[in-house]
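Visitor: I have a protein model to look at and would like to be guided through it step by step. Could we begin once it is in view?

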Amino acid sequence: MSLKVAVPVNRSGMVDTITRTAPSAHVPGRPRILIVMTALAAAVTLAAACAPAAGPLGRRPAPTGPAEREIVFPVGREVSFSDTFGAPRGGGTRTHEGQDLMAPKMTPLVAAADAEVDWLRWSSSGNAGNMLVLTDDDGWEYWYIHINNDTPGTDDGANRYDQAFADGIRDGQRVRAGEVVAYLGDSGNAEGTSPHLHFEMHDPSGRVINPFNSLAHAELRVRSAAETERDRPFGNLETVQRSGGTVTVRGWGIDAHLDDPVRATVMVDGNPVASASASLSRPDVAAANPGRGSAHGFELSTTSAPAGSEVCVVLHSIGGGGNTRLSCRTAPA
Ligand SMILES: [Zn+2]
């Protein structure tokens, strides 16, 4: 079965055409419906907007042994590095428990494996600053430390969320190897140093492992727009209205993988202010997308959207992975 569905006009005035194909049998736990969206150019991704040119920054060192774990290189471009695992830090009070991968701020950081976001820390303070821990299906952990906290081109410490983490990334979010999850920076105790990713690997028992050979052997891979396209939820931001100090955002969304309601997060000037499942009844959307249930609508309110601020909605699938930034609007007075 295949049919085409016209989605309400989006920000750029285009109508997306969605081709849906239902497989002959439902496999539990697997995508039930393959959805291919065209007009992808209309989908604005922050990664594309902010990523510096991705040429190599030197060459990786030759491995000295087999990989501790086969991974995708956590930085989205080639960088040179040397083995500093175990080197003294903090005036000899501790040792270095990872590898430092130097690159310009806002260089995309990608998931080292198919994994789940186990811990997301959004704070410039402490040694680590902004950080992310991904846990793969076998229990290995990948720690991303010193994630960006600055407005591009500055060292202002503004710590805008969407300049630290990729759209939709939050606790429990499913990610795929090579998917952009965050942006390289200098938060935490790296403020006085060159921007870098401090990368750690912990085995399933929690033991810190030197990731040197894993990094030296790692595949360099950033998931392309064509690859992420089929993971993208789709939907529409319909209205942004004010009543007194409260701004209410309404629209709808559908997960690319699951029949569960997709998650909708409201971002104001780049920072998440409200999030909920798009689980309100929307008979019109259900009629246009048969077989996907009727729970698609979202209605989110915030008192944190002053007049003139930028209001955006990100749709993201916690369990299935993938995200889409819907159109943005200016908060009304
Ligand atoms: Zn380090």
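Visitor: Which residues have the most contacts inside the largest nonpolar core?

Guide: A nonpolar core is a set of buried Ala, Val, Leu, Ile, Met, Phe, Trp, Tyr and Cys residues joined through C-beta atoms within 7 Å, and a residue is buried if 20 or more other C-beta atoms lie within 10 Å of its own, exposed if 12 or fewer, and partly exposed in between, with C-beta atoms placed from the backbone. The largest such core has 44 residues. Those with the most contacts inside it are Leu 109, Ala 111, Leu 132, Tyr 144, Val 181 and Ala 182.

Visitor: Which element gives the most residues to this core?

Guide: Helices (H or I, at least four residues) and strands (E, at least two) are DSSP runs, numbered from the N terminus. The elements that give two or more residues to the core include strand S8 (115-121), strand S9 (130-136), strand S10 (141-147) and helix H2 (212-217). The one that gives the most, with 5 residues, is S10.

Visitor: How should I read the numbering, and what kind of model is this?

Guide: Residues are numbered from 1 along each chain as its sequence is written. Local features need pLDDT of at least 70 and side-chain atom pairs count only at pLDDT 80 or more, whereas totals for chains, interfaces and linings use all residues, since this is a predicted model.

Visitor: Which residues does Leu 132 touch, not counting residues up to four places away in sequence?

Guide: Two residues are in contact if their C-beta atoms, placed from the backbone, lie within 7 Å. By that rule, and with the sequence neighbours left out, Leu 132 touches Val 117, Leu 120, Tyr 144, Ile 147, Val 181 and Ala 182.

Visitor: How many residues are in the second, separate core?

Guide: This second core is separate and includes Val 240, Met 267, Ala 274 and Leu 315. Its size is 25 residues.

Visitor: Why is one side of strand S18 and of strand S22 left without a neighbour in the sheet?

Guide: Two strands pair if DSSP finds at least two bridges between them. Here 4 strands form an open sheet with antiparallel pairing, in the order S18-S17-S21-S22. Strand S18 (271-277) and strand S22 (323-330) stand at the edges, so one side of each has no neighbour, because each has a single partner strand.

Visitor: Which residue in the turn between S17 and S18 has a positive phi?

Guide: Strand S17 (residues 263-268) runs antiparallel to S18 and is joined to it by 6 bridges, with Met 267 standing opposite Pro 272 in S18. The two strands form a hairpin with 2 residues between them. In the turn, the residue with a positive phi, of about 50°, is Asp 269.

Visitor: Is Gly 206 buried or exposed?

Guide: Gly 206 lies in the loop between S13 and strand S14 (208-209). Because Gly 206 has 8 C-beta neighbours inside 10 Å, this residue counts as exposed.

Visitor: With which residues is Asn 127 in contact, leaving aside its neighbours within four places in sequence?

Guide: Asn 127 is found in the loop between S8 and S9, and with 15 other C-beta atoms within 10 Å Asn 127 is partly exposed. Leaving aside those sequence neighbours, the contacts of Asn 127 are Gly 188 and Asn 189.
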